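The following report describes a protein model from its overall dimensions down to selected residues.

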Amino acid sequence: MAGRDERVVRALVGAYGRTYAEEAGIGLKDTPQPLYRLLVLAHLLSARIKGSIAVASARALHEAGLRDPRRMAEAGWQQRVDALGRGGYRRYDERTATQLGDEAELLIERWGGDLRGLRKDADGDVGELRRLLQEFPGVGPAGADIFLREVQRVWPEVAPWLDAKALQGAQRLKLPQDPDRLLGLAGRTEPTVLAAALVRAAIDRHVAEDSLRRADSP
């Protein structure tokens, strides 16, 4: 069975192993602006809305110049609403526009606009890091998990982070739901990439079916 499981993981990662940060055009580094853009992306992705819309809206905010907390905080509420609308984020645009402003202000006031300060406060405790992330308006457990799945690429103390949503993807693919076993099946694949691919399988049945079909193809 392990042989087939390895083929499933290889097929999944080969076709769908793109992080959400990459999809949103974020060149993730341990520097203030990319980390902030990731926080915004995680916030948007955590709503009950298509991932593609959340990604497009994150791009639209960036294109509108709202790419760091100071610019986000200084922008008018309507400017944020308009940018979200251009990304298709219309169902939650008014509430989210308010939350993004409040989120940016909190980041500036508490950590000088730099999420590395939040990381320092967590002092290597991933549970504390997850808790601190949820202090941002609009970032609940799901948003914190999304941020951690992606940031583990540049914050090694987080890795490996395969949260409940990633394990749902493993279940849909009939793979082991133990993170260590999944990481073993993935070989040299980065945990960030594996997590993103598994999440895609969890939220899109087509991804799971296609990966299984690829794994069984001669």
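With 218 residues, a compact globule would have a radius of gyration near 17 Å, and the protein agrees with this at 18 Å; the radius is taken over C-alpha atoms, and the globule rule is 2.2 Å times the number of residues to the power 0.38. Along the principal axes, the C-alpha atoms fill a box of roughly 55 × 40 × 25 Å.

The model is predicted: local features need pLDDT of at least 70, side-chain atom pairs count only at pLDDT 80 or more, and totals for chains, interfaces and linings use all residues. Residues are numbered from 1 along each chain as its sequence is written, and side-chain values use heavy atoms, with hydrogens and water left out.

The secondary structure consists of 14 helices and zero strands (DSSP runs numbered from the N terminus, with H or I over at least four residues for helices and E over at least two for strands). Buried residues account for 52% of the 218 residues, where buried means under 20% relative accessible area, exposed over 50% and partly exposed in between, with a 1.4 Å probe and protein chains only. Of the contacts (heavy atoms within 4.5 Å) between residues at least 6 apart in sequence, 65% join residues at least 24 apart.

Thr 96 is located in helix H7, residues 93–111, while Ala 208 belongs to helix H14, residues 205–216. Their accessibilities and contacts, not counting residues up to four places away in sequence, are listed below.

| Residue | Relative accessibility | Residues touched |
|---|---|---|
| Thr 96 | 2% | His 43, Leu 44, Leu 84 and Tyr 89 |
| Ala 208 | 3% | Arg 172, Leu 173 and Ala 201 |

Ala 208 also lies 9.2 Å from Val 8, C-alpha to C-alpha, although the two are 200 residues apart in sequence.

Helix H12 spans residues 179–186, and its buried residues are Leu 182, Leu 183, Leu 185 and Ala 186. Seen down the axis of H12, these buried residues fall within an arc of 160°, so they line one face of the helix; the arc is that of the directions from the helix axis to the C-beta atoms. Asp 180, Arg 181 and Gly 184 are exposed on the other side of H12.
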